[in-house]
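Hi,

Here is the structure I promised to pass on.

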Amino acid sequence: MRHGVAGLLALALLSVPAEAADIEAGKAKAEVCAGCHGENGISQTENIPSLAGQQDQFIQWQLVFFRAGTRKNEAMKPIVDQLSNEDIRNLGAYFASLQPAKAPPDNDPDLSKKGAEAAAGRRCASCHLDSYAGTKGVARVAGQREEYLVKALHDYKSGQRVGGSQAAMTDVAYPLSAEEITALAHYLAHL
């Protein structure tokens, strides 16, 4: 029932005609986000994702899922409880307007090759696009922090992470071995 409510909230938020998002207001509201997600949305903190260059709609949906409680995170909950729908729209536009982090040099091309094979085998590009930059409500995974990708894939595999694409991602992640998760995360982080 809670997942249905969050979905309806997300649909309502995204389907209501609204004024254009205000990137500057989003930037001001994002000051609190920098403590964990980094200056200009580029995280320097282990297991915290970078938000720079993330899809606008994806950011909005995740904030709604956190606020509704369908996606759980103790650090995020008190922050999102204070956000209005307008704040959420502005934050989505702000983070989408930022340049994503530059991927680090690939120090293990063999591992990346295995990760590319895992991505092709699981058809990751069918949702995340060939560039893995995501689209609309689908996350940008290219250049994301490697350890965060490992954590996210393990969370999907175990069913711990819910909200949004949980069903599709659980189906993709569940059959992955620990080695495939490590290779896939390495590959995506270095794109």
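I started with disulfides: this predicted model has 0 of them. A disulfide is a covalent bond between the sulfur atoms of two cysteines. Cys33 takes part in none, and the cysteine sulfur nearest to it belongs to Cys36, 8.8 Å away.

Next, the helix packing. Helix 7 (residues 109–121) packs against helix 11 (residues 178–189) at an angle of about 100°, and their axes are 7 Å apart. That angle makes the two helices roughly perpendicular. Helix 7 contributes Leu111, Ser112, Lys114, Gly115, Ala116 and Ala119 to the contact, while helix 11 brings in Thr182, Ala183, Leu184, His186 and Tyr187. Sorted by class, that contact has 6 nonpolar, 4 polar and 1 charged residues.

Tyr187 also turns up among the aromatics. The structure holds 2 aromatic pairs. In one of them, Tyr132 and Tyr187, the ring centres are 6.0 Å apart and the planes stand at 85°, so the pair is edge-to-face. This pair links distant parts of the chain, 55 residues apart: Tyr132 sits in the loop between helix 8 (125–128) and helix 9 (146–158), and Tyr187 in helix 11. Both tyrosines, Tyr132 and Tyr187, are buried.

Best wishes

Terms used:
Residues are numbered from 1 along each chain as its sequence is written. This is a predicted model: local features need pLDDT of at least 70, side-chain atom pairs count only at pLDDT 80 or more; totals for chains, interfaces and linings use all residues. Side-chain values use heavy atoms; hydrogens and water are left out. Axes are lines fitted to C-alpha atoms, for helices over the stretch in contact, and angles run from 0 to 180 degrees between N-to-C directions. Helices (H or I, at least four residues) and strands (E, at least two) are DSSP runs, numbered from the N terminus. Angles under 35 degrees count as roughly parallel, over 145 as roughly antiparallel, 65 to 115 as roughly perpendicular and the rest as oblique. Contact means heavy atoms within 4.5 Å. Ala, Val, Leu, Ile, Met, Phe, Trp, Tyr, Cys and Pro count as nonpolar, Asp, Glu, Lys and Arg as charged, and the others, Gly among them, as polar. A disulfide is a pair of cysteine sulfur atoms within 2.5 Å. Rings of Phe, Tyr and Trp (its six-membered ring) pair if their centres lie within 6.5 Å; planes under 30 degrees apart count as stacked, over 60 as edge-to-face and the rest as tilted. Buried means under 20% relative accessible area, exposed over 50%, partly exposed in between (1.4 Å probe, protein chains only).
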